[in-house]
Amino acid sequence: MKPSETTPNAFLTRREMILATTGAAMAPSVILAKDNSMTPKAFVYTEVAISVPFDQAPWPSINETIKKQPGFLNKTWLHGHGTGSIGGFYSFASRENARAFVTDYFPSEPRVFGVAHNTRVFDAEIVREASEDLGSVHYGAASAKAPGAFVYTELQLSQPFDSFDWRTRNAALKRTAGLQSKVWLSGVSTQTLGGFDAFDNMETALDYAINQFPEIVAPLGAALYTRVFDAATTANASREMGSPFYS
């Protein structure tokens, strides 16, 4: 197969074939099942082009405002490693609620600081089975411990998730060092592929984002977008927003 003919279904590299011999010793630390009556229908990712220490961000007042937004379920605050950017990963009760959030409410937050921002809306229903297979806390799983870092990834390609061979990719991901859980992401209207991943510490998160992920997706010939976030600095703010990583 020529590189130009590679598809997203061929998500297996030489590194992963080597790891396949190590068995389940490095599987994600998915431990307990818990009740979750508020299953999300949509996810939202945001990032504001600002660099500040997280304890200087006005997150207490922002939390109170976001809690009042229609359809809001929970939020995990994000603080960029090496950038100091501020963002979040949200769950919503419907796509309509998520769209209204990114178009009506959210632009007012970065506008106060006079900076640009990014927002993305993802279909939480189509990725449920694939995410549950990797212990996603957003669908009721519980992790053995709070995450040390988060990794956000997105590919610049359009691939319907229901035609993506996520089972093969999940098998490799379960052998990824430090991976605790993963939410698969499928862009609303765009069908971009991505993920929001929890890692046990910053070292394993950086290795995945900087070394492993670019190698994995290189055969696809698609540009990629990756971000690494420090989970420790935002833990208290996320707890106040019902983040399932800390429930």
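User: Why does Phe-245 count as buried?

Analyst: Its relative accessibility is 8%. Buried means under 20% relative accessible area, exposed over 50% and partly exposed in between, with a 1.4 Å probe and protein chains only. At 8%, Phe-245 therefore counts as buried. The model is predicted: local features need pLDDT of at least 70 and side-chain atom pairs pLDDT 80 or more, while totals for chains, interfaces and linings use all residues. Residues are numbered from 1 along each chain as its sequence is written, and side-chain values use heavy atoms, without hydrogens and water.

User: What makes the rings of Phe-89 and Phe-196 a stacked pair?

Analyst: Rings of Phe, Tyr and Trp (its six-membered ring) pair if their centres lie within 6.5 Å; planes under 30 degrees apart count as stacked, over 60 as edge-to-face and the rest as tilted. By this rule there are 23 aromatic pairs. For Phe-89 and Phe-196 the centres are 4.2 Å apart and the planes lie at 10 degrees, so the pair is stacked. Phe-89 belongs to strand β4 (residues 86-92) and Phe-196 to strand β9, so the contact ties together parts 107 residues apart in sequence. Strands (E, at least two residues) and helices (H or I, at least four) are DSSP runs, numbered from the N terminus. Phe-89 is buried at a relative accessible area of 0%, and Phe-196 counts as buried at 1%.

User: Why is the pair of Phe-196 and Phe-245 called edge-to-face?

Analyst: The planes of the two rings make 65 degrees and the centres are 6.1 Å apart, so the pair is edge-to-face. Phe-196 in β9 and Phe-245 in the segment after α8 (235-240) are 49 residues apart. Phe-196 and Phe-245 belong to one aromatic cluster with Phe-43, Phe-89, Tyr-139 and Phe-150.

User: What makes β8 and β10 stand at the edges of the sheet?

Analyst: Two strands pair if DSSP finds at least two bridges between them. The four strands of this open sheet follow the order β8-β9-β7-β10, with antiparallel pairing. β8 (179-186) and β10 (224-230) each have a single partner strand, so one side of each is left without a neighbour in the sheet. The average twist from one strand to the next is 15 degrees.

User: How do you know that β7 and β9 pair?

Analyst: Six bridges join β7 (residues 149-155) to β9 (residues 193-199). Phe-150 stands opposite Ala-198 in β9. Helix α7 (residues 202-217) packs on the sheet and touches β7, β9 and β10, contact being heavy atoms within 4.5 Å. The direction of α7 makes about 175 degrees with that of β10; axes are lines fitted to C-alpha atoms, for helices over the stretch in contact, and angles run from 0 to 180 degrees between N-to-C directions.

User: What places the charged end of Lys-182 over the ring of Trp-184?

Analyst: A charge sits over a ring if NZ of Lys or CZ of Arg is within 6 Å of the ring centre and within 35 degrees of the ring normal. The charged end of Lys-182 sits over the Trp-184 ring, 4.6 Å from its centre. The charged end of Arg-227 sits over the ring of Tyr-225 at 4.2 Å from the centre.

User: Why is Ser-136 called buried?

Analyst: Its relative accessible area is 1%, so Ser-136 is buried. Ser-136 lies in the loop between α5 (128-132) and β6 (141-143). Beyond its neighbours within four places in sequence, Ser-136 is in contact with Ser-131, Ala-141, Ser-181, Lys-182 and Val-183.
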